[in-house]
Amino acid sequence: MNEHTNVPLIQLKDLRKYFKTGAGTLHAVDDVNLTIQKGHTLGVVGESGCGKSTLGRTLLRLLPATSGEILYHGENILNYSAAAMKKTRSKMQMIFQDPYASLNPRLSISQIIAEPLKVNHVFQSKKEMDERILDLMDTVGLARRLANAYPHELDGGRRQRIGIARALALDPEFIVCDEPVSALDVSIQAQILNLMMDLQDQRGLTYLFITHDLSVVRHISSHIAVMYLGQVVEYAPSKELFQNPKHPYTKALLNAIPIPDLAYRDKPRELIHGEITSPIDPKPGCRFAARCPHATDACMGKGIPLRNVGSEHQVACVLYGQTTGE
Amino acid sequence: MLIRKEANVEVEAHQSRGFWQDVGARFWKNRMARLGMLLLALIVLGCLYGVFFIDYDTQVVEQNVSIKLQTPSLEHPFGTDGFGRDILSRILYGSRYSLLIGFTATIASLFIGGLIGCIAGYFGGKIDNILMRFMDVFIAIPSTLMAIAVVSALGANMVNLIIAITIGDVPGYARVIRSAVLSIKDNEFVEASVAVGGSHAHIIATHIFPNTLAVLIVQATLGVGYDIIAASGLSYLGLGVMPPDPEWGAMLSEGQTHIRYSPHLVIFPGLAIVITVLALNLLGDALRDAVDPTLKD
């Protein structure tokens, strides 16, 4: 592919985020390498505590990275000064998980949407800004009469629309969506997801979509990265991943999706047992080994990097290709 | 053109009740809150009467031993004290000391403590540790002892009394506001503000501080009552407002020599203190309930 002329929008190189805790170093994000092309949606899936939210926050420098590089249009934003970062922030926005906690209860809807515009001094006159706010409200499907309402007067779906309007206010190129629908009812989830996909079509947005909901990620993503304990264990285009999962963890995740068909009632499933192991000072080797039904001695002792196993398909498992999986 | 107009009308159509309107409505529903308001209004009226209509030289400090220790009568509704001075006039005149000390000390300590608490809570880490350990040192010293030390170092008068009470109050406010800030700063809306490029000052001013107001106001209303008691206590000990000025605590102190045969000398100033503190506590309690949206009916 023509990678020299076509610099990816976002590229993560060996990104690490460690937290120091009393018990040791917590490896929340460990040597993550990912590439997101403009206009694509990268879904990041994994169970609670696997570091997917931390990844999103570190990517936007809401948390300081421990080491590695975050390339935006080929430039490492970790080296940016505060002023340069402030400029870049307007191009990289975030939609938050909890539409109840992500909106200041003391501000009205229009004040919340106005904040990014005010902070960045986008408009000189209040009139222009008010127009822009109402336009944004139209864009995300909020009735204009709600401009002076307060967040507590609205339901979760409407609140999340406010969060989306706020993220769109500065015309970003890239948006990190941190489980934007997991706090919503299923019917509302579909509305919000469709809104986000429409916006992507209209504005050419690029998403990093963090979720633990596989049906959601299938619906919205062009590519998917599966995370386990801070590491990406499998990366593939969305279709490929669902049809041809390679990593035992991915297989187990996909197996956990309930199939609404009586014919499958008595079929045994390969499910994972036990709890996610501690992310504090993990031992070298495959972090999934403790729960993996196929684990051998080869899984322990040394780090297991992602390998190419097909065009755009990468997996971090020593067993794949060695034994004849299923 | 027409469409634009309609849209504007729509914007105004939604009459939203803001947070404080909600608080006001819930506050007014509370019967105890209304009683507290009534009492405080009476006290403030009495204080204003004292400011405008009571003459210090003739009605407050002029001694008239021929009518000393009179029991309540039409002429002297609260009786007279050991020097023949009208107790009602003295209480009304003296209300200014209590209210002034109570409110000034509370506002000053709220400001200083609030600033320390905000900085400690928001920035955390070393700054937090240094500031809060410093506050712990102050908390370790009993407030009365601290006030005695301050007043004896600076001299006994009202300004030093306010300073002494303020110093004693600051650590408490700092702790309360720090913990409020800690719970607020982890909200996603603070992170959202960072994500759009908001500065520390912007975040503290628009997101952190307004959300601590609820806690702060409650703390302050209860604090005023506490400070009035502290001021009276210190005046009683001879460390605050000095005789012949009729501070309520000082009046108690003067009256105690006659407590056996003329108890009204201490009953009335005591009642004044009790009613004022009661009014402020009722207000504080009601405010605490009113600002808590989970108690919404």
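Modeller: Two strands count as paired if DSSP finds at least two bridges between them. Keep in mind that this is a predicted model.

Biologist: In what order do the strands of the eight-stranded open sheet in chain A run?

Modeller: The sheet is open and its pairing is mixed.

Biologist: What angle does the direction of helix 1 of chain A make with that of strand 8 of chain A?

Modeller: Helix 1 (residues 52-59) of chain A packs on the sheet. The strands of chain A that helix 1 touches are strand 3 (41-45), strand 6, strand 7 (174-178), strand 8 (206-211) and strand 9 (223-228). With the direction of strand 8, the helix makes an angle of about 150 degrees.

Biologist: Which residue is the bridge partner of A:Glu234 in strand 12 of chain A?

Modeller: Strand 10 (residues 231-237) and strand 12 (residues 314-315) of chain A are antiparallel and pair over two bridges. The partner of A:Glu234 in strand 12 is A:Val315.

Biologist: Strand 4 of chain A pairs with strand 5 of chain A; which residue is the bridge partner of A:Tyr72 there?

Modeller: Strand 4 (residues 67-72) of chain A also runs antiparallel to strand 1 (residues 10-21) of chain A, joined by five bridges. Between strand 4 and strand 5 (residues 75-76) of chain A there are two bridges, again antiparallel. In strand 5, A:Tyr72 has as its bridge partner A:Glu75.

Biologist: What is the phi of A:His73?

Modeller: Strands 4 and 5 of chain A form a hairpin with two residues between them, and A:His73 is in the turn. At a relative accessible area of 40%, A:His73 is partly exposed. Its phi is positive although the residue is not a glycine, with a value near 55 degrees.

Biologist: Is A:Asp281 buried or partly exposed?

Modeller: A:Asp281 lies in the loop between helix 9 (248-255) and strand 11 of chain A. Its phi is positive, about 40 degrees, in a residue that is not a glycine. Buried would require under 20% relative accessible area. A:Asp281 has 43%, so it is partly exposed.

Biologist: How much accessible area does the nonpolar surface patch of chain B that includes B:Phe52 have together?

Modeller: B:Phe52 is in helix 3 (residues 31-53) of chain B and counts as exposed, at 64% relative accessibility. Other members of the patch include B:Met32, B:Leu48 and B:Phe53. Together the patch residues have an accessible area of about 1100 Å².

How values were computed. Residues numbered from 1 in each chain as written. Chains lettered and ligands numbered in written order. Predicted model: local features only at pLDDT ≥ 70, side-chain atom pairs only at ≥ 80, totals over all residues. Heavy atoms only, no water. Helix = DSSP H or I, 4+ residues; strand = E, 2+ residues; numbered from the N terminus. Contact = heavy atoms within 4.5 Å. Axes fitted to C-alpha atoms, helices over the stretch in contact; angles between N-to-C directions. Patch = residues over 30% accessible without salt bridge, like charges linked within 9 Å, V, L, I, M, F, W, Y side chains within 5 Å. Areas by Shrake-Rupley, 256 points an atom, 1.4 Å probe, with all protein chains shown as cover. Salt bridge = Lys/Arg side-chain N within 4 Å of Asp/Glu carboxyl O. Buried < 20%, exposed > 50% of the residue type's maximum accessible area, 1.4 Å probe, protein only.
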